[in-house]
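Hello,

Here is the structure I promised to pass on to you. Have a look at it first, and then read my notes below.

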Amino acid sequence: MGLELPKRVRRVAVGGLAVSALLFVSGCSSEQTTELKRLAQPVSATREAPHIHDLWMWSWLAAMITGVIVWGLILYVAIRYRRRSESDVPVQTRYNLPIEIFYTIAPVMMVIVFFFFTIKTQDATLHDFDHPDQNVTVVGQQWSWTFNYVDEPAIGGQTVYDPGTTADPPTLWLVKDAKTEFHLFSPDVIHSFWVPAFLFKMDVVPGRDNHFGLVPNRIGTYEGRCAELCGVYHSRMLFNVNVTTQAKFDAHLKSLVDQGFVGMNKGGSQVSEQPGLETNGGQE
Ligand SMILES: [Cu+2]
């Protein structure tokens, strides 16, 4: 009887844990459950994003398996080979060649595998198109964005732009299923062009033509931001992305022509005089 009590206690504890875990999971909405399954990644909005998603998921799996094995071994040796009395010192092993060879080779193998899949993912996501449907020159300036739509056939081959200010964040318009090529330009400091739903970001570096191509494949509005601490008003470098149809995109281009936003705007002189920054006299 005396031995049965701890067992019963253990059973109750295990049962309680199982029930509360079940309650926790069932308390999640289906949206939260699918979010958990994506490990909190946003739902992707480009054709390329699933490659990045897969790399993220498999990397986590590899890291978790490694973690479980390492924690298990630590726990096992800490208990199995613990010091049991004052006089009885466990065997002190200083050099064990097979173990040392193992823990040198195993991490190197893991890095090689991670490297291989990273390169594979880069090849699938950093491509340029031979014949892009859209060309966008993104300008990251202190502290907003300008999006130039280059040589657009719908408006007779003109280039127009969506200007943003710190007070009035811009919207980047894209066409669903269009091969879109981005060129990133900065007139001042390093920014980073980041759209979480694209599972992708790239630095915007002065004097460097960073570029990539992607195909937006889901109609919708997405958030974008600068992911590089670029100055005092870094936090205001927000923008939206509107993935839409060709017809709506063309209508938007025409409205930009009507507003006089014609030509390539690469930021520069006007950036320190933006509305919303008067309070500090435009200083950085
Ligand atoms: Cu920035």
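Let me start with a pair of helices. Helix 3 and helix 4 (residues 97-125) pack at an angle of about 165°, and their axes lie 9 Å apart. Helices here are DSSP runs of H or I with at least four residues, strands are runs of E with at least two, and both are numbered from the N terminus. The axes are lines fitted to C-alpha atoms, for helices over the stretch in contact, and the angles run from 0 to 180 degrees between N-to-C directions. The two helices are therefore roughly antiparallel to each other (under 35 degrees counts as roughly parallel, over 145 as roughly antiparallel, 65 to 115 as roughly perpendicular, and the rest as oblique). The crossing of helix 3 and helix 4 is left-handed, meaning that the near helix is turned anticlockwise from the far one by less than a right angle; clockwise would be right-handed.

Which residues make the contact? From helix 3 they are His 51, Ile 52, Leu 55, Trp 58 and Ser 59, and from helix 4 they are Phe 114, Phe 117, Thr 118, Thr 121, Ala 124 and Thr 125. Being in contact means that the C-beta atoms, placed from the backbone, lie within 7 Å. The residues of this contact divide into 6 nonpolar, 5 polar and no charged (Ala, Val, Leu, Ile, Met, Phe, Trp, Tyr, Cys and Pro are nonpolar; Asp, Glu, Lys and Arg are charged; the others, Gly among them, are polar).

Two notes on the model itself. It is predicted, so local features need pLDDT of at least 70 and side-chain atom pairs count only at pLDDT 80 or more, while totals for chains, interfaces and linings use all residues. Residues are numbered from 1 along each chain as its sequence is written.

Overall, the protein has 5 helices and 10 strands. Buried residues make up 21% of its 284 residues; buried means 20 or more other C-beta atoms within 10 Å of a residue's own, exposed means 12 or fewer, and partly exposed is in between, with C-beta atoms placed from the backbone.

Back to helix 3, which covers residues 49-80. Its 32 residues should span 46 Å at 1.5 Å a residue, and its end C-alpha atoms are 46 Å apart, which agrees (the expected span is 1.5 Å times one less than the number of residues). Of those 32 residues the number buried is 1, so helix 3 lies largely in the open. Asp 54 is found in helix 3 and counts as partly exposed, with 14 C-beta neighbours inside 10 Å. Its C-alpha atom is 9.8 Å from that of Arg 38, 16 residues away in sequence.

Helix 2 is hardly covered: among its 8 residues, the count buried is 0. In the loop between helix 2 (30-37) and helix 3 lies Leu 39, which has a positive phi of about 50° although it is not a glycine. Ala 40 is in the loop between helix 2 and helix 3 too, with a positive phi of about 70°. Leu 39 is exposed, with 11 other C-beta atoms within 10 Å, and Ala 40 is exposed with 7.

Finally, look for the cis peptide bond from Gln 142 to Trp 143, with omega near 0°. Trp 143 sits in the loop between strand 1 (134-141) and strand 2 (144-152). The C-alpha atoms of Trp 143 and Val 232 are separated by 8.6 Å, although the residues are 89 apart along the chain.

Happy exploring!

Notes:
Contact = placed C-beta atoms within 7 Å.
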